[in-house]
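Dear colleague,

I am handing over the structure below. My notes on what was found in it follow.

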Amino acid sequence: LLVFDVAAKRLLNLASIVDNSALPQLDIGSPVEGLEEESYSESATVQVDDESSNKTAQLEAEEAKLKPIQEYATSVTFAPKLENGLYLVGAGVRKKSVVKVYAVAMYGTPQVLASATSPTNLRDTARTFGDTSSMTSFVLEMVYSAGAEKIAGAIGESVKPRYNGDSSDIGVLESLIVNGVNAIGGQATKGTIFHFDCSDEGVSVSVNGADQGMASFEGLGSAFVDVFMDSNSVSPTLM
């Protein structure tokens with residue numbers, strides 16, 4: 001409980017810093033008598049730069065405290081932050097019967113982290129894309145070997161009942177996964193990493209760091225989030 005309390009406070013601090021990191025809107029009137037306008041503008045710019053630097057330093061200090069998470073069932077470790085700037089929310093495992101198929105981690109904005117007061121709030125924020133939370137990412141690391149069509153079909157079948165669009169859209173998503181796995185030999189062996197970026201535009205796919213493109217369909221990103229975040233999550237341990 002103590003560890004959890006400390007982690008929660010750090011995440012809330014992080015969310016607060018990022019949420020308030022926009023440059024302050026300065027309301028500057030006429031230059032004071034005897035001060036050149038150009039000089040006055042430079043002084044205002046320096047003030048903004050200093051405040052921005054302070055926010056950046058605070059953010060870096062909070063990020064330095066974040067730790068990776070090791071998914072306990074698979075021993076797969078996930079980094080606390082992705083290159084796209086999203087932060088680790090949690091990790092879990094996808095099982096098929098007793099077989100552990102892959103470890104999975106969800107990454108979100110500080111606003112998503114701050115909303116994790118309940119599963120419902122977390123899901124709503126993670127799947128609703130806007131100015132403050134434009135993307136939610138999932139990183140899957142295989143712990144069980146599967147063929148390209150098999151892993152793509154399994155993911156597609158999970159998305160399909162949660163998606164209101166045409167079923168052929170799911171086929172596009174599956175094709176991106178298949179193409180990525182075929183590029184590494186046709187088999188998603190242990191250690192293969194899938195990266196799915198969910199947004200209002202759709203779902204982007206990468207396999208072992210190689211970008212495969214985006215399935216650009218409205219609502220698909222939210223449906224993909226629901227695979228892991230709704231009441232029938234395929235990874236209850238992540239929930």
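**Helices α5 and α7**

In this predicted model, the axes of helix α5 (residues 148-159) and helix α7 (residues 220-229) cross at roughly 100° and come within 8 Å. Angles of 65 to 115 degrees count as roughly perpendicular, so α5 is roughly perpendicular to α7. On the α5 side, the contact is made by Ile155, Ser158 and Val159; on the α7 side, by Leu220, Ala223, Phe224 and Val227. Sorted by class, the contact of α5 with α7 has six nonpolar residues, one polar residue and no charged ones.

Ser222 lies in helix α7. Its relative accessible area is 14%, and buried means under 20%, so Ser222 is buried. Leaving aside residues up to four places away in sequence, Ser222 touches Arg127 and Phe129. With Arg127 there is also a polar contact: the side chain of Ser222 reaches the backbone oxygen of Arg127 at 2.7 Å.

Asp226 is also placed in helix α7. Is Asp226 buried or exposed? Its relative accessibility is 3%, so Asp226 counts as buried. Again not counting residues up to four places away in sequence, Asp226 touches Arg123, Arg127 and Arg162. The side chains of Asp226 and Arg127 are joined by a polar contact of 2.8 Å. As for Arg123, Asp226 is 103 residues away from it in sequence, and the C-alpha to C-alpha distance between the two is 7.4 Å.

**The chain as a whole**

The protein chain has seven helices and 10 strands. It has 239 residues, of which 40% count as buried; Ser222 and Asp226 are among the buried residues. Taking the contacts in the protein chain with a separation of 6 or more, 59% are between residues 24 or more positions apart.

Regards

How values were computed
Residues numbered from 1 in each chain as written. Predicted model: local features only at pLDDT ≥ 70, side-chain atom pairs only at ≥ 80, totals over all residues. Heavy atoms only, no water. Axes fitted to C-alpha atoms, helices over the stretch in contact; angles between N-to-C directions. Helix = DSSP H or I, 4+ residues; strand = E, 2+ residues; numbered from the N terminus. Parallel < 35°, antiparallel > 145°, perpendicular 65-115°, else oblique. Contact = heavy atoms within 4.5 Å. Nonpolar A, V, L, I, M, F, W, Y, C, P; charged D, E, K, R; others polar. Buried < 20%, exposed > 50% of the residue type's maximum accessible area, 1.4 Å probe, protein only. Polar contact = N/O pair within 3.5 Å; in protein donor to acceptor, adjacent residues only side chain to side chain.
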